[in-house]
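Please look over the structure below before reading the notes. They go through it by topic, one point at a time.

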Amino acid sequence: MAIKRGSKVESSFGSASMTDMIFLLLIFFMVTTTLISPNALKLTLPKSSNIISDKPYTTVSITNDLNYYVELTPVPFDKLEETLRVKMEGVEDPTISLHSDESVPIGEIVKVMVIANNNKYKLILATTPK
């Protein structure tokens, strides 16, 4: 007399639901990454082939109509040095990334460079790759 087992365990794996979840996550991440805008100011940066690995602590932006911004906050030029001092207070290695539209006169860029030099800040001029 042969004894039969009552339950058999299948060793197959159903991956259809896991594939659905992966595609849903992929779509979610694609949509959310396009919504992130690290720099909301539209600037046409000059082109360069140099790459610098320093990580700036803050950014200063100059638009083509000569408006100054510290990160995304508009700042008049006469308050720029004071704003940077407050922002950089207590920072170990203060580094500023200067984002300037390529149509901005070089004199305006030099003004920010002088402020950085007077306060012993490192200054990085942001560019786009060639």
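**Briefing on the predicted model**

Lys120 has a relative accessible area of 70%, so this residue is exposed. The model described here is predicted. The protein chain contains three helices and seven strands, and from the N terminus on they follow the order α-β-β-β-β-α-β-α-β-β.

**The chain as a whole**

- The protein chain has 130 residues, of which 26% count as buried.
- Taking contacts between residues at least 6 apart in sequence, 73% join residues at least 24 apart.

**The loop between α3 and β6**

- Lys120 is placed in the loop between α3 and β6.
- Phi of Lys120 is positive, near 60°, and the residue is not a glycine.
- Most residues other than glycine have a negative phi.
- Asn119 is found in this loop between α3 and β6 too.
- Asn119 counts as buried because its relative accessibility is 17%, and the cut-off for buried is under 20%.
- The side chain of Asn119 reaches the backbone oxygen of Ile115 at 2.8 Å.
- Leaving aside residues up to four places away in sequence, Asn119 touches Glu81 and Arg85.

**The largest nonpolar core**

- In soluble globular proteins, nonpolar side chains tend to be buried together.
- The largest nonpolar core of this model has 16 residues.
- Val60, Leu80, Leu84 and Val112 are the residues with the most contacts inside this core.
- Two or more residues of the core come from each of these elements: β2 (58-62), β3 (68-70), α2 (80-88), β5 (95-100) and α3 (106-118).
- The element that gives the most to this core is α3, with four residues.
- Which residues does Leu84 touch, not counting residues up to four places away in sequence? They are Thr58, Val60, Val70, Ile96, Ile115 and Tyr121.

**Helix α2**

- Leu80, Leu84 and Met88 are buried residues in α2.
- These residues lie on the same side of α2, because the arc they cover around the axis is only 55°.
- The buried residues of α2 pack against the strands β2, β3, β4 (73-75) and β5, and against the helix α3.

**Aromatic rings**

- There are two aromatic pairs in the structure.
- Is Tyr68 buried or exposed? Tyr68 has 5% relative accessibility, so this residue counts as buried.
- Phe77 has 30% relative accessibility, so this residue counts as partly exposed.
- The charged end of Lys111 sits over the ring of Phe77, at 5.2 Å from the ring centre.

**Glu71, between β3 and β4**

- Glu71 is in the loop between β3 and β4.
- Glu71 is partly exposed because its relative accessible area is 33%.
- Glu71 is not a glycine, yet its phi is positive, at about 55°.
- Glu71 and Thr58 are 13 residues apart along the chain, and their C-alpha atoms are separated by 6.4 Å.
- The side chains of Glu71 and Lys87 are joined by a polar contact of 3.4 Å.

**Asp101, between β5 and α3**

- Asp101 is in the loop between β5 and α3.
- Asp101 has 8% relative accessibility, so this residue counts as buried.
- What joins the side chains of Asp101 and Ser103? A polar contact of 2.8 Å joins them.

Terms used
Residues are numbered from 1 along each chain as its sequence is written. This is a predicted model: local features need pLDDT of at least 70, side-chain atom pairs count only at pLDDT 80 or more; totals for chains, interfaces and linings use all residues. Side-chain values use heavy atoms; hydrogens and water are left out. A nonpolar core is a set of buried Ala, Val, Leu, Ile, Met, Phe, Trp, Tyr and Cys residues joined through side-chain atoms within 4.5 Å. Buried means under 20% relative accessible area, exposed over 50%, partly exposed in between (1.4 Å probe, protein chains only). Contact means heavy atoms within 4.5 Å. Rings of Phe, Tyr and Trp (its six-membered ring) pair if their centres lie within 6.5 Å; planes under 30 degrees apart count as stacked, over 60 as edge-to-face and the rest as tilted. A charge sits over a ring if NZ of Lys or CZ of Arg is within 6 Å of the ring centre and within 35 degrees of the ring normal. The arc is that of the directions from the helix axis to the C-beta atoms. A polar contact is a pair of N or O atoms within 3.5 Å; within protein, one must be able to donate a hydrogen and the other to accept it, and residues adjacent in sequence count only if both atoms are side-chain atoms.
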